[in-house]
Amino acid sequence: MSEDDLYRTSTQYKFWSFTPESLAALRVDTNVAAAERVKAAIARHRAARRAEGHGAGSNGADTSASASDTDTDVDCLTPEEELRLVQYYSYSTLQSSAAIASKGFNIPIRVQATAVQYLKRFYLTNSPMTYHPKHIVPTALYFATKTENHSISVSAFAELAGQSEEKILASECLMFQVLRFNLDVRHPHRGLRGAYIELLALAAGEGAVVPGTGKTRQELQEELRRLPLKAHEPPAEQSDDAVQKRIGNAYALASNILKDSALLTDAYFHYTPSQVMFASLYLADSVLFSWYLDSKFPSGTAVPDPKFLKITVTIKRCAELLRDGAKAADFQTDASRQELKRIGKKLHFCQNPEKKDLEGLNRAAKRDGQVEGALDERERKRRKLERERNEQEGHELFGGTLKKE
Amino acid sequence: MSRLAQRGGTAAATISTTALPMPSDDAICPVCKASRYWNSQVPMLMNPECYHKICKECVDRYFSHGPAPCPVAGCGKTLRRNRFRKQTFEDLQVEREIDIRKWLAGIFNRREDEFDSLKDYNDYLNQVEDWTYNLIQNIDVEATKKQINAYKEANQKDIAENVSLANQEHLTYEQRQAAEKQQARLRREAARREAEEERRIKEEGRNSILNKVASGEANLRDTNRVELKRASGRGPAKPQLTDPFLEDASKGAASPGFQIKGLKKRVQVAPEAPFDPFEGLLYKPQYHVVRDNYPWDFLDSTRKDIKHAAGGYDVAQYCARALCDAFSGLGVFIEDEIAAREGPPAPEVVEQAAAEAATSGISVDPKIKDDVF
């Protein structure tokens with residue numbers, strides 16, 4: 001079992017990897033389905049309000065307002081607008097974790113990255129029109145602190161995030177379900193450190209050589225010393241310190257890319273963490289990257305390994321995605337601010353009114369729906385019976401309670 | 001029928017093959033002609049050699065000086081006094097059959113669970129029953145006895161084992177409890193004795209050291225060591241455990257002439273293999289080789305940090321994991337593999353979905369249909 005097979009066992013590979021086409025198709029499907037639901041829900045909402053208005057004695061202003069409501073057609077978000085919105089809220093997840101860190105609770109990058117990935121996965125099958133991302137972001141972040149073993153009590157987190165506890169917990173169950181209980185997210189961050197320590201070892205002439213590559217560690221060290229600084233430049237003889245510094249710089253740059261544009265693009269859906277990591281290394285120092293990858297494959301052959309070529313192509317494509325993503329993820333420019341404002345306004349009018357109050361829905365979904373009117377009598381009775389039956393079955397499973405003699 | 005043959009019979013085969021005396025002369029002793037009719041106090045005894053009945057007084061008189069021939073006219077078998085007993089059943093035929101069956105049951109005491117299948121067990125029982133019938137009906141007695149004795153000799157060990165097994169089973173619960181208690185008591189006593197002995201040895205050792213030191217014979221450290229060594233060498237010898245299976249494996253249940261089919265082989269239970277949580281799955285890195293040490297200050301400082309070491313944090317494992325992460329999935333091309341996995345949807349499915357969507361008016365997406373709210 002090689003490293004690749006190991007990755008193939010992950011849920012990220014099995015359920016959360018897509019080709020660009022299938023991802024786009026999925027997003028369009030989600031958008032279409034959500035738009036239809038939103039339209040139906042808004043129509044119901046309006047009908048209810050109209051009926052209410054009539055029952056209250058129908059004053060003139062109200063009827064005119066409801067009439068105008070009925071007339072306007074609902075203008076739903078397009079898949080592109082949704083994507084932009086999710087991207088913005090991914091960015092805002094990073095921002096808010098930075099804000100929380102400034103208040104004293106440091107959130108490591110793996111937690112942030114997991115939260116962002118939860119958010120993205122959530123909005124693959126759900127639309128921002130159904131559940132507003134501003135409700136989902138704190139939940140995703142809180143949920144990630146738990147799954148990444150960096151936990152904090154919900155009350156403390158709520159205080160840091162400036163939200164109510166109930167609000168954070170309201171959509172937790174929903175998120176758990178939408179994620180299909182796949183809580184493991186593979187990140188490239190630790191992998192980058194692995195590459196870094198191995199490069200350091202190679203530079204010091206202590207690296208372990210992959211069998212079959214046909215090079216000794218001394219040769220590798222020598223090659224690393226004489227690596228050109230930029231592509232298409234003559235080789236430059238460097239001191240060990242300079243090589244070490246170069247590796248350090250590449251690591252720092254790549255690490256920044258992984259913390260930023262790798263999270264805001266769809267790189268996680270299209271590439272494996274290892275490829276994303278190498279892509280960031282390619283962006284940071286392309287010469288070093290090429291040499292490093294090359295050192296993993298047999299040298300001295302006339303024709304390069306086809307797998308090697310394919311990996312290189314894949315990584316370069318991933319690198320392009322990361323580079324473009326960095327540009328697109330800039331939310332500081334005026335143009336993007338304007339755009340987001342417009343989308344936000346549009347979302348305000350096409351928000352599903354039935355899913356707005358997540359806390360209320362959550363309360364209703366719990367035990368018999370103790371909120372008045374949230375659950376009708378029959379449903380409540382049915383749930384009660386079901387619970388009693390489950391209890392009974394549970395007892396039977398373990399032989400029931402002991403009777404006193 | 002074969003009275004002559006009986007004389008040459010082995011000691012084990014004490015079952016008579018004589019024609020049994022008629023039940024009519026039951027009431028009268030053939031020796032003293034004392035009739036039960038006249039003296040009902042006199043008990044009649046018989047000997048399983050020939051099943052002739054003689055009154056108790058005559059038995060005492062005739063056989064008090066050792067074995068003697070049967071006093072019944074025309075019998076002449078050598079009888080012993082200690083073999084005489086009271087008749088259990090009125091019918092001597094039954095009495096004799098029971099005796100034969102008892103004797104055979106002691107030899108053929110195999111259990112059902114020793115056989116591979118029920119059929120094998122039944123075949124075995126059938127064979128035993130054939131022999132029993134032969135003995136009872138006096139058919140081929142010599143040959144049958146030979147076979148039985150051959151079986152007995154070949155399977156002595158198994159027979160003895162089964163006998164002891166049966167005995168154990170017959171022990172009632174209370175008896176077993178009592179035996180266990182007795183065992184526990186013995187163990188306790190042995191432990192107590194041992195402790196006492198140890199204490200005594202220690203005491204002696206200490207005394208001798210003190211004496212030696214007092215008399216200035218040796219310095220304290222050396223004597224101490226010697227005494228300790230002496231004490232440690234005096235532990236009770238541990239009984240050597242022998243494996244009963246090993247001895248058994250060398251001897252098969254095979255016997256010349258007759259062989260029981262379908263007997264389970266008593267196999268030695270193999271020692272349990274160590275638990276392998278990965279069930280033979282072996283991780284073999286393809287793109288890297290993990291080293292013990294990596295030249296990074298951060299790792300060194302972590303390795304030295306007592307906070308990490310106390311929790312069992314292993315830097316080497318971190319390095320291995322980081323390197324695995326670096327290359328895990330390097331050669332996985334999602335675009336190809338996912339496309340191949342999903343494949344183009346079958347046309348029927350698409351049509352069906354489209355038809356459903358048209359009738360319901362809502363597009364079907366199983367992923368969104370199931371909502372907690």
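Which residues form a nonpolar patch on the surface, with about 310 Å² of accessible area together?

1. The patch. Met1(A), Phe278(B) and Leu281(B) make up this nonpolar surface patch, and their accessible area together is about 310 Å². The model is a predicted one. Phe278(B) sits in the loop of chain B that runs between helix 9 (244-250) and helix 10 (297-304). Its relative accessibility is 58%, and because the cut-off for exposed is over 50%, Phe278(B) counts as exposed.

2. Chain A as a whole. Chain A is built with 21 helices and 0 strands. It has 405 residues, and 48% of them are buried. Among its contacts with a separation of 6 or more, 73% come from residues 24 or more positions apart.

3. Chain B as a whole. Chain B has 15 helices and 5 strands. Of its 373 residues, 27% count as buried. For contacts with a separation of 6 or more, residues 24 or more positions apart account for 59% in chain B. Chain B exposes about 26100 Å², and 55% of this comes from carbon and sulfur atoms.

4. The area between the chains. The size of an interface is often given as the accessible area lost when the parts come together. Here chain A and chain B bury about 5300 Å² between them, with 59% of that area on carbon and sulfur atoms. In chain A, the residues that lose the most area to chain B are Glu3(A), Arg190(A) and Ile197(A), which together give 14% of what that side buries. Counted by residues, 67 of chain A are in contact with 49 of chain B.

5. How many salt bridges does the rule find across the interface of chain A and chain B? There are 5. Arg8(A) forms a salt bridge with Glu337(B), and their closest N and O atoms are 2.8 Å apart. Helix 11 (residues 189-203) of chain A gives the most to the side of chain A that touches chain B, namely 10 residues. Polar contacts between chain A and chain B come to 24 residue pairs, with both residues at pLDDT 80 or more.

6. Side chains of opposite charge can pair when their charged atoms come close. Over all chains, the structure holds 41 salt bridges. In one of them, the side chains of Lys346(A) and Glu81(A) meet, at 2.8 Å from N to O. This pair links distant parts of the chain: Lys346(A) belongs to helix 19 (residues 334-349) and Glu81(A) to helix 5 (residues 79-102), 265 residues apart. Are the two partners buried or exposed? Lys346(A) has a relative accessible area of 16%, so it is buried under the 20% cut-off. Glu81(A) is buried as well, because its relative accessible area is 9%.

7. Lys146(A) forms a salt bridge with Glu172(A), the closest N and O atoms being 2.7 Å apart. Lys146(A) lies in helix 7 (residues 133-147) and Glu172(A) in helix 10 (residues 172-178), so the pair links distant parts of the chain, 26 residues apart. Lys146(A) is partly exposed because its relative accessible area is 36%, whereas Glu172(A) is buried at 13%.

8. Asp285(A) is in the loop between helix 16 (273-284) and helix 17 (286-294) of chain A, while Arg246(A) is in helix 13 (residues 240-259); the two are 39 residues apart and link distant parts of the chain. Both Asp285(A) and Arg246(A) are buried.

9. A salt-bridge network. Which residues are linked in a network of salt bridges? They are Glu222(A), Arg225(A), Arg226(A) and Asp240(A).

10. A buried serine. Ser261(A) is placed in helix 14 (residues 261-264) of chain A. Its relative accessible area is 5%, so Ser261(A) is buried. Leaving out residues up to four places away in sequence, Ser261(A) touches Leu322(A), Gly325(A) and Ala326(A).

Methods. Residues numbered from 1 in each chain as written. Chains lettered and ligands numbered in written order. Predicted model: local features only at pLDDT ≥ 70, side-chain atom pairs only at ≥ 80, totals over all residues. Heavy atoms only, no water. Patch = residues over 30% accessible without salt bridge, like charges linked within 9 Å, V, L, I, M, F, W, Y side chains within 5 Å. Areas by Shrake-Rupley, 256 points an atom, 1.4 Å probe, with all protein chains shown as cover. Salt bridge = Lys/Arg side-chain N within 4 Å of Asp/Glu carboxyl O. Helix = DSSP H or I, 4+ residues; strand = E, 2+ residues; numbered from the N terminus. Buried < 20%, exposed > 50% of the residue type's maximum accessible area, 1.4 Å probe, protein only. Contact = heavy atoms within 4.5 Å. Buried area = accessible area lost by both parts, 1.4 Å probe. Polar contact = N/O pair within 3.5 Å; in protein donor to acceptor, adjacent residues only side chain to side chain.
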